[in-house]
Amino acid sequence: MKAIVVRQFGGPEVLRLEELPDPIPGPSDIVVRTRAVGVNPVDTYIRTGGHAVKPPLPYVPGSDGAGEIESVGSDVKQFAAGDRVYIAGFDKTGRTGTYGERTVCSSSQIHRLPARASYAQGAALGVPYATAYRALFQRAAAHPAETVLVHGATGGVGTAAVQMAHAHGMRVIGTGGTDEGLKLVRAQGADLAVSHGDPGYIEAIRRATDGRGVDVILEMAAHINLDKDLSLLAPRGRVVVIGNRGRVEIDARQAMGRDAVILGMTLFNATDSDLLSIHAALVAGLENGTLTPISAREMPLADAPRAHQAVMEPGALGKIVLIP
């Protein structure tokens with residue numbers, strides 16, 4: 001089979017398409033014929049060798065994908081060959097990822113893909129949708145009638161969060177950087193979409209809430225926005241830091257006066273129970289149509305280096321998907 005292999009940490013150029021032996025499942029393993037692969041920013045961080053998760057070399061990157069089950073081990077009872085599934089999470093060895101024509105998975109990585117969802121949509125689920133769900137419901141404990149600001153609503157996590165918040169009866173405000181991005185945010189269910197490049201966007205959000213502020217902020221770039229976020233919160237508001245690329249200075253009095261909370265999160269901290277709840281909700285959302293993952297760009301597997309560059313470009317819309 002063909003797969004992308006990393007034999008040394010470094011830039012996108014270390015992603016090499018190679019021929020590998022077809023995997024054989026152990027007793028508790030599942031082999032999936034991968035039809036689509038999700039590309040995430042975290043894949044690029046791991047590739048450099050500077051991330052907390054550092055797989056042993058060589059390894060096949062990727063935690064997100066979708067396809068059909070090709071074979072199962074003798075101990076696997078809940079899945080069978082031919083089942084349509086999506087993959088979410090890294091394998092137990094850290095060596096075998098989704099960037100290939102086939103991948104070996106454990107049962108905990110496999111979730112049923114409803115018939116209404118394409119393989120590309122299934123590959124767009126794992127990291128973005130699980131992150132959005134964990135941030136919105138498990139960390140911020142957001143509930144219907146609250147106002148949610150998704151700060152950076154045009155990427156994979158952002159569009160997922162807008163869809164979820166809208167489906168759960170929240171008022172949703174999303175920010176983006178381009179007219180195309182703002183159009184996408186509105187199409188996902190946002191009540192208001194504002195450009196974070198507009199000098200007056202903070203005041204526009206305040207006016208939209210009649211000066212009260214927002215209850216929850218999902219923040220993709222805390223190093224830029226966190227101090228401003230605190231000034232936008234309603235009393236007892238919460239900021240969930242999903243993304244950050246540097247240090248930031250804040251005025252803590254903004255948090256004190258509001259009884260505000262700053263919450264960090266990473267999907268790697270999710271417990272087995274957390275993940276069980278997350279994926280039960282995601283499958284239900286796919287089945288009832290409230291969640292519609294967006295695969296904005298589909299690229300051949302061999303273009304993985306270019307996909308790693310593209311996923312880090314500002315203003316990327318939706319999810320980049322590789323097709324083996």
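A residue is called buried when its relative accessible area is under 20%, exposed when that area is over 50%, and partly exposed in between. Keep in mind that the model is predicted.

**Stop 1: aspartate 22**

Select aspartate 22. Its relative accessibility is 45%, so aspartate 22 counts as partly exposed. Aspartate 22 lies in the loop between strand 2 (15-19) and strand 3 (29-39).

**Stop 2: arginine 102**

Which kind of contact do the side chains of aspartate 22 and arginine 102 make? They meet in a salt bridge, with 3.8 Å from N to O. This pair links distant parts of the chain: arginine 102 belongs to strand 6 (residues 102-106), and the two residues are 80 residues apart.

Is arginine 102 buried or exposed? Arginine 102 has a relative accessible area of 19%. The cut-off for buried is under 20%, so arginine 102 is buried.

**Stop 3: glutamate 70**

With a relative accessible area of 37%, glutamate 70 is partly exposed. Show the three side chains together: Asp22, Glu70 and Arg102 are linked in a network of salt bridges.

**Stop 4: aspartate 251 and arginine 253**

How many salt bridges does the structure hold? It holds 13. For another of them, select aspartate 251 and arginine 253, whose side chains meet at 3.3 Å, N to O. Arginine 253 counts as exposed at 61% relative accessibility, whereas aspartate 251, at 27%, counts as partly exposed.

**Stop 5**

Switch to the cartoon view and find the open sheet of 6 strands, which run in the order 10-9-8-11-12-13 with parallel pairing. Which strands stand at the edges? They are strand 10 (192-195) and strand 13 (261-264); each has a single partner strand, so one side of each is left without a neighbour in the sheet. On average, neighbouring strands of this sheet are turned by 20° against each other, direction ignored.

**Stop 6: strands 8 and 9**

Finish by selecting residues 147-151, which are strand 8, and residues 171-176, which are strand 9. These two strands pair in the parallel sense over 4 bridges.

Terms used: Residues are numbered from 1 along each chain as its sequence is written. This is a predicted model: local features need pLDDT of at least 70, side-chain atom pairs count only at pLDDT 80 or more; totals for chains, interfaces and linings use all residues. Side-chain values use heavy atoms; hydrogens and water are left out. Two strands pair if DSSP finds at least two bridges between them. Axes are lines fitted to C-alpha atoms, for helices over the stretch in contact, and angles run from 0 to 180 degrees between N-to-C directions. A salt bridge is a side-chain nitrogen of Lys or Arg within 4 Å of a carboxyl oxygen of Asp or Glu. Buried means under 20% relative accessible area, exposed over 50%, partly exposed in between (1.4 Å probe, protein chains only).
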